[in-house]
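This report concerns a single protein model. The chain and its coordinates are shown first.

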Amino acid sequence: MNIGQAAKASGVSAKMIRYYEQTGLIPKADRRESGYRDYSDTDVHMLRFVRRSRDLGFSVAEIQELLDLWRDEGRASAEVKRLAQNHIDDLHKRIAALQEMTRTLSKLVCACHGDDRPNCPILEGLSSDSDDEDLSIQPRRGAVAG
């Protein structure tokens, strides 16, 4: 099948397929006499594997490692589990960081009157040299802190 058909069957855009080939994540497709790429069902299966891995947030480097493990029938499942667990741990750290950003920004938003006044606690907090978690911002009256 051509690249458009492989893209449709795998859910990976033709542009990304070319990129994955160029970076060596996946092997280059066979070529027809006409020079067009020719993808097999196995290639499409591998592309789906890559797409699912990307959907779960794995990096290209991690996907390369997963693909290597997937191709190695003598692999130990412990290696696959280790890689997946490390990714889960990283996701938890990223979630915690996003939650902290949300709390900090919510405090700044609650401190802002949002009216015609020029002073803005959000801009003051962002320009502060302090990395203090609470940014010494007090919510304005009637505001609900996040």
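## Overall architecture

The model is predicted. Its secondary structure consists of six helices and two strands, and from the N terminus these elements follow the order α-α-β-β-α-α-α-α.

Of the 146 residues in the protein, 26% are buried. The accessible surface amounts to about 10200 Å², and carbon and sulfur atoms account for 51% of that area. When contacts between residues at least 6 apart in sequence are considered, 52% of them connect residues at least 24 apart.

## Helix α2 and its two faces

Helix α2 spans residues 14-23, and its buried residues are Ala14, Ile17, Tyr20 and Glu21. These four lie on the same side of α2, because they cover an arc of only 120° around the axis. The face turned away from that buried side carries Lys15 and Gln22, both exposed.

Which elements cover the buried residues of α2? The cover includes helix α1 (3-10), strand β2 (37-38) and helix α3 (41-55). Just after α2, the backbone at Gly24 adopts a positive phi of about 85°.

## Aromatic pairs

A search of the whole structure returns two aromatic pairs. One of them joins Tyr19 and Tyr20, with 5.9 Å from centre to centre and 55° between the planes, a tilted arrangement. Tyr20 counts as buried because its relative accessibility is 4%, under the 20% limit. Tyr19 has a relative accessible area of 36%, so this residue is classed as partly exposed.

The other pair is formed by Phe49 and Trp70. Their ring centres are 4.6 Å apart and their planes meet at 15°, so the pair is stacked. This pair links distant parts of the chain: Phe49 belongs to helix α3, whereas Trp70 belongs to helix α4 (residues 60-71), and 21 residues separate them. Trp70 is partly exposed, at 31% relative accessibility.

## Helix α5

Helix α5 comprises 35 residues, numbered 77-111. The distance from its first C-alpha to its last is 51 Å, close to the 51 Å expected at 1.5 Å a residue.

The buried residues of α5 are Leu83, His87, Thr104, Ser106, Leu108, Cys110 and Ala111. These residues pack against helix α4 and helix α6 (121-127).

## Cysteines

How many disulfides does the model contain? With a limit of 2.5 Å between cysteine sulfur atoms, the count is zero. A disulfide is a covalent bond between the sulfur atoms of two cysteines.

Cys110, one of the buried residues of α5, has a relative accessible area of 8%. Cys120 takes part in no disulfide. Is Cys120 buried or exposed? Cys120 is buried, with a relative accessible area of 17%, since the class requires a value under 20%.

Conventions. Residues numbered from 1 in each chain as written. Predicted model: local features only at pLDDT ≥ 70, side-chain atom pairs only at ≥ 80, totals over all residues. Heavy atoms only, no water. Buried < 20%, exposed > 50% of the residue type's maximum accessible area, 1.4 Å probe, protein only. Arc of directions from axis to C-beta. Contact = heavy atoms within 4.5 Å. Phe/Tyr/Trp six-rings, centres within 6.5 Å; stacked < 30°, edge-to-face > 60°. Expected span 1.5 Å × (residues − 1). Areas by Shrake-Rupley, 256 points an atom, 1.4 Å probe, with all protein chains shown as cover.
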